Amino acid sequence: MGDGHDALDQLCINTIRMLAVDGVQKANSGHPGMPMGAAPMAYVLWTRFLRHNPANSTWPNRDRFVLSAGHGSMLLYSLLHLTGYDLSLEELKNFRQWESKTPGHPESCCAPGVETTTGPLGQGFANGVGMAIAERFLAAHFNRPGHPIVDHHTYAIVSDGDLMEGISHEAASLAGHLRLGKLIYLYDDNRISIEGSTDLAFTEDRGARFAAYGWHVQHVDDGNDLEPITQAIRAAQEEAERPSLIVVRTHIGYGSPNKQDTAAAHGEPLGSDEVTLTKENLDWPIDPTFLIPDEALVRFRQALQEGKKREEEWYGQFQSYEREYPQLAEEWKRAVTGELPAGWDKDIPIFPADEKGMATRVASGTVINAIAPHLPTLVGGSADLAPSTKTLIEGTGDLQVDHYGERNIHFGVREHTMGGILNGMALHGGVIPYGATFLIFSDYMRPTTRLAAMMGLKVTYVFTHDSIGLGEDGPTHQPIEQLASLRAIPNLIVIRPADANETAEAWRLAIDHKGSPVALALTRQNIPTLDRNKYAAAQGLSRGAYILSDSGDGRPEVILIASGSEVHVALEAAEKIRENGTSVRVVNMASWELFDGQGDDYRNEVLPPETAARVSIEAGVTQGWHRYIGDRGEAIGIDRFGASAPYKVLFEKFGLTADRLAEKALKLIGR
Ligand SMILES: Cc1ncc(C[n+]2csc(CCOP(=O)(O)OP(=O)(O)O)c2C)c(N)n1
């Protein structure tokens with residue numbers, strides 16, 4: 001052991017190590033090696049630096065801590081229990097068991113103090129950058145001279161795997177560009193991953209890479225030596241201009257005589273014999289398991305008093321801020337609780353009926369700018385496509401160094417990290433984040449969308465150019481399976497509005513609701529703005545699907561179901577069918593998820609079970625539509641890749657026309 005250690009420090013560090021060892025051993029699965037190696041740096045960070053209050057895990061100005069290497073979850077669970085969060089030792093003993101608060105990888109839903117769900121490597125890295133951006137934005141927006149009510153660090157422990165994943169490269173590049181000086185990452189440089197040594201596939205100079213990104217990089221040669229770790233974190237705090245990476249040389253499975261420094265310590269229990277040898281080696285009692293020496297607990301639990309004191313101090317500061325800036329303080333409280341100001345949507349326009357119409361991406365841009373003045377913490381941007389996605393907020397500038405309070409973020413051509421950053425921003429709280437790109441590139445950010453849905457985050461995705469309707473750019477850019485693939489993600493609401501007024505309704509819903517992300521699929525091409533005197537009101541969109549047009553009061557003989565730009569095709573087809581004397585209903589199915597959430601009565605009213613003759617039309621794969629059209633229904637879609645041509649030609653060639661739809665519908669009922 002190096003300097004800066006006393007016996008109590010050592011006892012505390014070994015307590016963390018052995019809780020991880022025992023937890024993994026009892027669960028008979030998990031990753032003991034990472035916590036064993038990273039315990040010293042985690043101990044230093046959590047006992048000497050982290051400003052948090054275990055008794056109030058949601059104190060808004062707490063430091064954020066992300067365990068990006070989520071497979072080392074027992075490290076985080078041990079720290080949470082030891083420092084006094086509401087996570088009992090029983091829960092640690094129930095690691096990885098049904099309904100425990102200690103799932104295999106940390107999940108934001110479960111234990112207090114778990115700031116984000118991690119496990120897919122690299123995600124936590126990007127989340128931390130999002131948290132740091134949110135912090136800078138809120139500080140710039142709310143702080144006033146002498147009143148730093150938003151002022152905290154964001155820390156993470158990141159691993160070899162995190163640094164290998166592309167998302168972290170993107171995030172590091174942007175964090176360096178934005179000079180996020182309050183971002184401090186400890187890199188668990190143990191040089192082992194699953195297949196063995198990192199020499200197999202990961203040999204660049206990581207420190208030099210981060211220095212090139214504009215990070216402040218420090219090296220600690222001995223990850224068991226507390227003093228240099230302490231000094232490095234202190235120096236990182238003092239570095240205000242650049243994010244910090246502290247490369248800490250550690251040893252996976254530290255203390256295990258036969259498994260240390262091998263991949264065998266990575267992803268399986270040490271085994272009972274090796275547990276015994278390890279405990280002997282570290283001078284630790286073999287029994288009882290899950291031992292927490294009293295002195296160690298007392299040391300860790302100091303976090304409770306310190307945290308209470310810090311939060312009280314902050315609250316005192318906040319009260320004086322509130323006296324001087326009552327309106328801002330009100331706004332702050334609303335922002336943090338996610339409450340919307342009254343009348344936030346009052347300037348959303350009603351778009352007049354218009355046969356030529358407008359692209360729904362354009363309508364979306366108009367709506368964003370109608371709500372942004374009333375939602376000062378609505379902040380977002382795009383992955384270098386703002387002119388196309390129409391997501392710029394007018395009247396505010398670019399969020400850049402020294403302009404952190406502006407509301408347009410330029411994520412660069414970095415969709416994956418954009419998704420991870422949006423998640424981090426939403427997790428941080430106080431902001432309403434959105435991000436934009438072409439629907440086709442939702443694939444590039446899918447892992448982050450999935451996690452947003454899993455965490456129930458309020459993030460809005462503006463996915464434009466939503467079909468072959470984008471035309472000449474061709475099959476590489478034309479989404480075909482993306483709608484189906486997004487719909488497959490549980491707890492993600494996908495909305496494909498049929499005109500400008502539905503786009504406004506979709507935004508209203510995205511801003512107004514909590515508990516799931518919302519993806520808007522918007523057209524590049526103009527589509528008619530429907531005449532709502534003739535057709536049902538656009539508010540129907542909030543129920544996912546609604547009857548847009550009906551032939552009369554009776555039961556329709558045939559039902560046409562469409563989404564987005566195909567809705568007007570369906571309306572045209574319905575006219576043709578009616579000419580034939582057949583009663584037809586057009587159902588606008590803008591969102592499967594919202595419709596599925598309605599009661600049976602409503603769903604049966606819109607899609608009466610007696611009417612089996614149903615045809616769906618959507619410019620994408622037909623997969624899934626049979627759940628609404630049934631066995632006897634017909635699905636018109638595109639079950640191949642698109643093509644490069646003017647979009648009107650494509651709609652013709654792929655058979656997405658009113659004539660074909662009408663023909664299919666009539667054929668179904670034998671006419
Ligand atoms: C995106 C992603 N790909 C693969 C995995 C599976 N996986 C879990 S841990 C790991 C190796 C990580 O090595 P490292 O980050 O060095 O962790 P350590 O071995 O130090 O515990 C892999 C490939 C994952 N969790 N996430």
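Guide: Four elements, namely strand 8 (354–358), strand 15 (527–529), helix 19 (567–579) and helix 23 (647–653), each supply at least two residues of the lining of the second largest pocket. Among these contributors, helix 23 has the largest share of that lining, with four residues. The model is a predicted one, and within it the second largest pocket has a volume of about 450 Å³. Its lining is made up of 17 residues, and those closest to the centre of the pocket are His568, Val569, Tyr647, Lys648 and Phe651. Sorted by class, the lining of the second largest pocket divides into seven nonpolar, five polar and five charged residues.

The largest pocket can be described in the same terms. About 850 Å³ of space lies in the largest pocket, and of the 42 residues that line the largest pocket, Val336, Ala426, His428, Gly429 and Gly430 are the closest to its centre. Helix 12 (326–337), helix 15 (415–428) and strand 11 (432–438) each provide at least two residues of this lining, and helix 12 gives the most to the lining of the largest pocket, with six residues. The classes found in the lining of the largest pocket are 20 nonpolar, 14 polar and eight charged residues.

Rolling a probe the size of a water molecule over the atoms shows where empty space is left. The structure holds one cavity of 30 Å³ or more, and the space in the largest cavity comes to about 70 Å³. The lining of the largest cavity consists of 13 residues, with His52, Asp63, Tyr85, Gly113 and Glu115 lying nearest its centre. By class, the lining of the largest cavity has four nonpolar, five polar and four charged residues.

The ligand site comes next. There are 15 residues around the ligand, and His71, Ser159, Gly161, Asn190 and His266 are the ones that come nearest. Of the 580 Å² of accessible area that the ligand has on its own, the protein covers 75%. Helix 6 (160–164) and strand 4 (192–193) each supply at least two residues of the shell around the ligand, and by class that shell has six nonpolar, seven polar and two charged residues.

Thr278 is found in helix 10, which spans residues 272–281. Thr278 counts as buried because its relative accessibility is 0%, and the cut-off for that class is under 20%. Between Thr278 and Gln260 there are 18 residues of separation in sequence, and their C-alpha atoms are 9.7 Å apart in space.

Note on methods: Residues are numbered from 1 along each chain as its sequence is written. This is a predicted model: local features need pLDDT of at least 70, side-chain atom pairs count only at pLDDT 80 or more; totals for chains, interfaces and linings use all residues. Side-chain values use heavy atoms; hydrogens and water are left out. A residue is near a molecule or strand if one of its heavy atoms lies within 4 Å of it. Accessible areas come from the Shrake-Rupley method with a 1.4 Å probe; for residues, only the protein chains shown count as cover. Ala, Val, Leu, Ile, Met, Phe, Trp, Tyr, Cys and Pro count as nonpolar, Asp, Glu, Lys and Arg as charged, and the others, Gly among them, as polar. On a 1 Å grid over the protein atoms alone, a cavity is a set of points where a 1.4 Å probe fits but cannot get out, and a pocket is an open set with protein on both sides within 12 Å along at least five of seven lines; lining residues have an atom within 4 Å of a point. Grid points are joined across faces, edges and corners, and a volume is the space filled by probe spheres set on the points. Buried means under 20% relative accessible area, exposed over 50%, partly exposed in between (1.4 Å probe, protein chains only).
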